[in-house]
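Please examine the sequence and the three-dimensional structure shown below.

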Amino acid sequence: MTTTTARTGRPPAVRVHRRDRRDWKGWAFIAPFMIVFALMIIAPLVYALYLSFFQEKLIGGNAFVGFDNYAQVLQDPKFWEPFGRVALFFVVQVPIMLALSLTAALALDSARLHGAAFFRIALFLPYAVPGVVAALIWGFIYGDQFGLAGSFNDLVGAQILEPFSSQAVLASIGNIVTWEFMGYNMLIFYAALRVVPGEIYEAAEIDGAGQFRTVFSIKIPALRGALVIATIFSVIGSFQLFNEPNLLKNLAPNVITSNFTPNMYAYNLSFAGQQFNLAATVAIIMGVITAVIAYVVQVRGSRQENS
């Protein structure tokens with residue numbers, strides 16, 4: 001060893017054997033979430049997928065039928081009618097709700113609105129109301145025999161307001177959903193506006209940009225990511241529409257049927273008709289459609305943001 005050190009001028013290399021040790025502390029922290037996620041999300045999803053490939057036969061019990069359930073649902077008008085209804089709901093209600101939320105967020109961020117903190121809380125407060133309670137409140141308002149609409153009709157002596165008519169019931173439900181979630185989306189937009197650097201506004205002011213130019217050239221482009229997120233949430237909410245029509249069905253049984261929305265159709269197939277396999281198939285199909293539409297929205301939004 002002495003000779004080697006003398007010739008090279010440096011000590012010989014010493015081999016150090018390292019044993020790779022995995023640190024499982026991180027997994028310990030996320031284990032509670034993973035357990036709940038697996039039991040509450042993954043397991044029901046797998047079980048629903050399993051049910052969709054089987055049918056309960058009078059002879060032979062539960063039998064594997066492949067894609068027969070999917071073919072039956074896709075050929076069923078009772079599925080496509082409510083699907084078209086929620087698609088129309090999404091196309092009409094979501095742009096209105098997001099436009100109102102965007103307008104409210106811009107007004108709160110303008111620093112020209114007196115009592116902005118009060119209006120921010122007031123707009124967000126409906127979201128804190130449970131969906132069941134909100135539907136019951138608006139059901140009482142819409143009642144043409146006992147509610148506010150009925151009182152107004154009695155006052156003018158004519159049936160002017162009929163929120164539960166076949167022509168107006170979808171718009172009435174859209175009004176409830178807008179009232180519930182406008183403040184939630186407003187808060188998403190407002191939070192995105194608050195992180196825009198102040199130097200950009202100062203530069204725009206130096207360049208002579210007015211309020212409208214600042215809104216359309218700075219604020220709205222800065223909200224593209226938030227708009228994508230809000231739209232994705234709205235896609236999921238629209239195609240999962242259930243609480244509001246299901247609760248209002250007792251007030252308008254001739255208009256809001258058991259298959260008013262796809263989720264109501266699946267619910268009644270399962271709990272009223274005991275057709276669990278078809279109900280699972282409807283749920284899987286709606287989940288796939290919702291995921292595809294949400295993915296398209298995300299991809300298009302990402303392309304516009306990067307362009």
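Predicted model: local features only at pLDDT ≥ 70, side-chain atom pairs only at ≥ 80, totals over all residues.

Residues are numbered from 1 along each chain as its sequence is written, and side-chain values use heavy atoms, with hydrogens and water left out.

**Annotated spans and helices**

- The unreviewed UniProt entry lists residues 27-50, 86-108, 117-141, 169-193, 222-242 and 276-297 under "transmembrane region"; UniProt positions are given in the numbering used here, feature names are shortened, and annotations may be inferred rather than shown by experiment.
- Residues 117-141 are 92% helix and 0% strand, and the end C-alpha atoms of this span lie 28 Å apart. Helices (H or I, at least four residues) and strands (E, at least two) are DSSP runs, numbered from the N terminus.
- Residues 169-193 are 100% helix and 0% strand, with 35 Å between the end C-alpha atoms.
- Helix α2 (residues 25-51) has 27 residues and should span 39 Å at 1.5 Å a residue, which agrees with the 37 Å between its end C-alpha atoms. The expected span is 1.5 Å times one less than the number of residues.
- In α2, a kink of about 45° lies at A31, shortly before the proline P32; the bend at a residue is the angle between axes fitted to the seven residues ending there and the seven starting there.

**Two residues of helix α4**

- L100 is located in helix α4 (residues 77-109), and its relative accessible area of 40% makes it partly exposed. Buried means under 20% relative accessible area, exposed over 50%, and partly exposed in between (1.4 Å probe, protein chains only).
- L100 and M182 are 82 residues apart along the chain, yet their C-alpha atoms are separated by 7.0 Å.
- Not counting residues up to four places away in sequence, L100 touches T178 and M182; contact means heavy atoms within 4.5 Å.
- S101 is also found in helix α4, and it counts as buried at 0% relative accessibility.
- The side chain of S101 reaches the backbone oxygen of M97 at 2.9 Å.
- Leaving aside neighbours within four places in sequence, S101 is in contact with M182, N185, M186 and F189.

**A buried loop residue**

- N259 lies in the loop between α12 (243-248) and α13 (262-271), and it counts as buried at 12% relative accessibility.
- The side chain of N259 reaches the backbone oxygen of K78 at 3.5 Å.
- K78, E81, P82, R85 and Y265 are in contact with N259, leaving aside its neighbours within four places in sequence.

**Aromatic pairs**

- The structure holds 23 aromatic pairs. Rings of Phe, Tyr and Trp (its six-membered ring) pair if their centres lie within 6.5 Å; planes under 30 degrees apart count as stacked, over 60 as edge-to-face and the rest as tilted.
- The rings of F53 and Y70 have centres 5.6 Å apart and planes at 50°, so this pair is tilted.
- This pair links distant parts of the chain, 17 residues apart: F53 is in the loop between α2 and β1 (54-57), and Y70 is in helix α3 (residues 68-74).
- W138 and Y142 form a tilted pair, 5.5 Å centre to centre with 45° between the planes.
- W138 and Y142 are separated by about one helical turn because they are four residues apart in helix α6 (residues 131-142).
- W138 is buried, with a relative accessible area of 15%, and Y142 counts as buried at 8%.

Notes:
Polar contact = N/O pair within 3.5 Å; in protein donor to acceptor, adjacent residues only side chain to side chain.
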